[in-house]
Amino acid sequence: MDKLPKDPAILVSSINMFLRDEEFDSLEALCYCYNQEPQALKDYLYAHGFVYSEEQHQFRPKGYENNTDL
């Protein structure tokens, strides 16, 4: 993948896949590779209903970020 997708749902899926499959060890490393600012990415996805969970190492829908039973 040469660049990150713009569509929020596809973007969340792609980022979570990269982090889950350990292609990148952190959101910051992923952002560095794709020339993105981590906070700008978090803000963009927050505006589209997603928050980043440091604990779970993934983006989650708002309201589910602290629920580990899913």
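Select Leu-45 to begin: leaving out residues up to four places away in sequence, Leu-45 touches Pro-8, Leu-11, Val-12, Ile-15, Phe-50 and Phe-59. Contact here means heavy atoms within 4.5 Å. Before you go on, note that this is a predicted model, where local features need pLDDT of at least 70, side-chain atom pairs count only at pLDDT 80 or more, and totals for chains, interfaces and linings use all residues. Residues are numbered from 1 along each chain as its sequence is written, and side-chain values use heavy atoms, with hydrogens and water left out.

Now colour by confidence. pLDDT is the predictor's confidence in each residue, from 0 to 100. The protein averages 91, and 91% of the residues score at least 70. Confidence is lowest in E2, at a mean of 95, and highest in H3, at 97. Those labels come from DSSP runs numbered from the N terminus: helices are H or I runs of at least four residues, strands are E runs of at least two.

Next, bring up the core. Which residues touch the most other members of the largest nonpolar core? Pick Ile-15, Leu-27, Leu-30, Leu-41, Leu-45 and Phe-59, out of 16 residues in that core. At least two core residues come from each of helix H1 (8-20), helix H2 (27-33), helix H3 (38-47) and strand E1 (50-53). H1 supplies the largest share, five residues. For the record, a nonpolar core is a set of buried Ala, Val, Leu, Ile, Met, Phe, Trp, Tyr and Cys residues joined through side-chain atoms within 4.5 Å. Buried means under 20% relative accessible area, exposed over 50%, and partly exposed in between, with a 1.4 Å probe and protein chains only.

Stay with H3 and show its buried residues: Pro-38, Leu-41, Lys-42 and Leu-45. Look down the helix axis and they fall within an arc of 100 degrees, so they line one face of H3. (The arc is that of the directions from the helix axis to the C-beta atoms.) These buried residues pack against H1, H2, E1 and strand E2 (58-61). Just after H3, click on Gly-49, which takes a positive phi of about 95 degrees.

Time for the rings. How many aromatic pairs does a search of the whole structure find? It finds four. Zoom in on Phe-18 and Phe-24, an edge-to-face pair at 5.6 Å centre to centre with 85 degrees between the planes. Both Phe-18 and Phe-24 are buried. The rule: rings of Phe, Tyr and Trp (its six-membered ring) pair if their centres lie within 6.5 Å, with planes under 30 degrees apart stacked, over 60 edge-to-face and the rest tilted.

Then hop to Tyr-46, where the charged end of Lys-62 sits over the ring, 3.9 Å from its centre. That call needs NZ of Lys or CZ of Arg within 6 Å of the ring centre and within 35 degrees of the ring normal.

Ser-14 is in helix H1 and counts as buried at 8% relative accessibility. Setting aside neighbours within four places in sequence, Ser-14 contacts Met-1 and Pro-5.

In the loop between H1 and H2, select Glu-22: phi is near 60 degrees, positive in a residue other than glycine. Glu-22 is exposed, at 67% relative accessibility. Asn-35 is not a glycine, yet has a positive phi of about 55 degrees, and is exposed with a relative accessible area of 70%.
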